[in-house]
Amino acid sequence: MSETDMTDVGVEGTDRNSNEDPLLQADGLKKYFDQSDGMLDRLLGPASKVKAVDGVDFELGRQETVAVVGESGCGKSTLGKTLLNLHDPTGGEVRLDGTEIGGLSDKEMLPYRKEIQMIFQDPLASLNPRQTVGDIIKAPLEVHGIGEDDAERTERVRSLLDRVGLSPDYLERYPHQFSGGQQQRIGIARALALEPRVLIADEPVSALDVSVQAQILNLLNTFQEEFGLSILFITHDLSVVRYIADRVLVMYLGEIVEAAPVDELFENPKHPYTQSLLSSVPRIDPKERSDRITLRGVVPSPMDPPSGCRFHTRCPVVIPPDEWPGTEEAFRFAFRFRNQLLSGEIDVENIETHLEATTGRVTTESVADEVIADAYPGSPENLPGEKRDAIESAALALAKGNDEEAASIVTEAFPSPCERRMPTEHRHASDHAVRCHRLDPSAPGEPRRIGADDA
Amino acid sequence: MSNDHTTAGRSDSDALDPDERERIARRYRDESPVESTENRGVYRRIRDQILSDKKAIFGATMVLLFVFTAMFAPMIAPYEQDETFGINQEPNSYSEGDYTGNGEIDRVWHVLGTDSFGHDLFTRIVFGARISLLVALTTVAFAFTVGTAIGLIAGYYGGLIDELLMRYVDFQWAFPSIILAAGLIAFLGGLGVTNVVIAIGVAFIDDFARLVRGEVLSIREEEYVLAARAIGTSDRRIMTKEILPNAVAPIIVQMTLMIPLAIIAEAALSFLGLGVKPTTPTWGLLLAEGRQYINQAWWISVFPGLAIMVVVLAFNMFGDSLRDAFDVKQSEVSEK
């Protein structure tokens, strides 16, 4: 299939080659990893899948820098690698300048690799220890047949080294002879050797010293201006984001939960997850410091992501059901208890050992009391009677070892609309999209909750 | 990334005027790379490791001696390899007779005695070193080439290709190599060095295939392999230029450890009468001949046996030490 053919196939009625189109676009992109090890596993039932990237849409414009932020394991690196076809996408589309490139074979992908390049998190690990710097940077030129002969390619490599701020005389040196920052410069030189239009930077400064980070970021900024690069900047470091990005995508468990221009996101974060991420950024000015929102609970496994809104297990502002008789705060405490119980975080054996050691006496009741004291923030006193009973009977069931009974009691007593329905994308402003029931007027619960609890 | 960047935002980068940038760039250009002689150091460290280990020095010396003997066999051996003297002469004895054909009686010294055909044993052993070395090197080279290719392909592609190739290797591994070699010689038909090399070489493929596959499985996951793919590097180039050079150390060690095994296998095949032509001087054949006369002439089988033992031991000692030297290097590299 020729290049033009593919363009035509990807058109869907509009001319995607026009200049208004985003340079790089993902549409419902998915990447699941198969966890089964071999043939036997496959025979023994449906394979468990890690849903690393689960339906991601985004656009990267010309000369734009878009940052993808999120915790470790949220799928942001997988997103970068899937865009480059280093992982085969499980579903969805990736379009480069209107041409569908998702799932192309290595051979079909070859011409597009000139356009889209990558730099890696660990600069040393991404450089072959057995090759000289010259060999490393020359490799892309050789693979794509750029340059007449070896001498010309060497000349190009020398000028690339010079542009990234390294002496051209370092050609014959090996990667381990350089400092971390210099190694990352080599990685950048390799990525830019093909003069790509899109650069995917996967945590390019996370492994570097803070002082060196700024140099590398400045270097990227310079190249963006010179080459008209578009950069997809993957990071967990929000202070870096503010410095380099035009727009930010916040990722949680394989989904994008909020997308906004950088200033808008920092000044007016809407999603509770974004708010808690931002509250963790260290600030020098005490006036700028806000109360930290600490996320409790473990990050759920991407193998079995929570139903509905994936953030509901850790959300500090989870929505109570309409018929909830008590206060929202009381509901959140109860909901936290429920989630700890469901995720198996409550260690009954440990509690028993602890009781044995301190009081010498272990009864089911004392264990149940201890479970509540341990897992319920505060005291369940302010809960409506019936709900308090649910907590107590669940704790008792757990103490008796009836884990399933305990789980069904709490699931029944403390439901939330957040776990029932997937939040749909809500546009707060034309360029600010959020996925949260709190902000969605069409979501269950009362629309007046919008903004009521916002920080 | 410092905090003033956070608060000042992007304006900070805009504020950098070109002169300032150039100044910064120059500063980092002037910063020389971390001074390190590690690269040359690799070889130096291997040398130091070998020199600091008495067994390794012994091994290396004997290996060199062996190679030297094989190369200059005609100059080292006192007589021609086919010359015959008195049969079953003891070590340190003399044959008397007209061996030069000039009508005079010669007195010929046999340092290790003679065999049942009257060949000078020392001469036979010296020439036997040639066959042993030739067979060992070509066998290992053959097994290395084929085994490495199998291991590379199986490890890199994985999946069905891996399953098929490794099941073959498993099959071969489970099969006694000397019997496989004997079977191959019967299949190839006839005696001769080439057949011996092919037979033993095939029997050794599995060792290299397993080793290389294991290395490839771990190296394949390295980020520089991913980086090579991101550039668009072809599979073949990734295998030969990115992965193989990083697996060289264990392969070299494996080769030094396979050479003595090849020598033993060749001797065993010759001993069984499946090796080279019976008139060729090899250590295994000498052993086999001597077996019949072990009561009357112990030296015929003992000296070739000693030669095999010393050479095998030497290669093993050298190989072990080499492996230790490479291990040190690998840990240092990963620590950076």
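Reader: Where is the place of A:Gln63 in chain A?
Author: In this predicted model, A:Gln63 sits in the loop of chain A that lies between strand E2 (49-60) and strand E3 (65-69).

Reader: Which residues does A:Gln63 touch, not counting residues up to four places away in sequence?
Author: Leaving those out, A:Gln63 touches A:Gln224, A:Gly228, A:Leu229 and A:Ser230.

Reader: What separates the C-alpha atoms of A:Gln63 and A:Met251?
Author: Along the chain these two residues are 188 residues apart, and their C-alpha atoms are separated by 22 Å.

Reader: Let's switch to helices. At what angle do H14 and H15 of chain A pack?
Author: Helix H14 (residues 364-375) and helix H15 (residues 385-400) of chain A pack at an angle of about 120 degrees, and their axes are 8 Å apart. H14(A) and H15(A) are therefore oblique to each other, because angles of 65 to 115 degrees count as roughly perpendicular and only those over 145 as roughly antiparallel.

Reader: Which residues make the contact?
Author: From H14(A) the contact is made by A:Thr364, A:Val367, A:Ala368, A:Val371 and A:Ile372, while H15(A) brings in A:Ile391, A:Glu392, A:Ala395, A:Leu396, A:Leu398, A:Ala399 and A:Lys400. Sorted by class, the contact of H14(A) with H15(A) has nine nonpolar residues, one polar residue and two charged residues.

Reader: Is the crossing of H14(A) and H15(A) left-handed or right-handed?
Author: The crossing of H14(A) and H15(A) is right-handed.

Reader: On to chain B, then. Which residues of helix H12 are buried?
Author: In helix H12 (residues 235-243) of chain B, the buried residues are B:Met239, B:Glu242 and B:Ile243. Seen down the axis of H12(B), the buried residues fall within an arc of 115 degrees, so they line one face of the helix.

Reader: What is exposed on the other side of H12(B)?
Author: On that other side of H12(B), B:Arg236 and B:Thr240 are exposed.

Reader: And what do the buried residues of H12(B) pack against?
Author: They pack against helix H7 (121-157), helix H10 (193-219) and helix H11 (223-231), which also belong to chain B.

Conventions: Residues are numbered from 1 along each chain as its sequence is written. Chains are lettered from A and ligands numbered from 1 in the order in which they are written. This is a predicted model: local features need pLDDT of at least 70, side-chain atom pairs count only at pLDDT 80 or more; totals for chains, interfaces and linings use all residues. Axes are lines fitted to C-alpha atoms, for helices over the stretch in contact, and angles run from 0 to 180 degrees between N-to-C directions. Helices (H or I, at least four residues) and strands (E, at least two) are DSSP runs, numbered from the N terminus. Angles under 35 degrees count as roughly parallel, over 145 as roughly antiparallel, 65 to 115 as roughly perpendicular and the rest as oblique. A crossing is left-handed if the near helix is turned anticlockwise from the far one by less than a right angle, and right-handed if clockwise. Two residues are in contact if their C-beta atoms, placed from the backbone, lie within 7 Å. Ala, Val, Leu, Ile, Met, Phe, Trp, Tyr, Cys and Pro count as nonpolar, Asp, Glu, Lys and Arg as charged, and the others, Gly among them, as polar. A residue is buried if 20 or more other C-beta atoms lie within 10 Å of its own, exposed if 12 or fewer, and partly exposed in between; C-beta atoms are placed from the backbone. The arc is that of the directions from the helix axis to the C-beta atoms.
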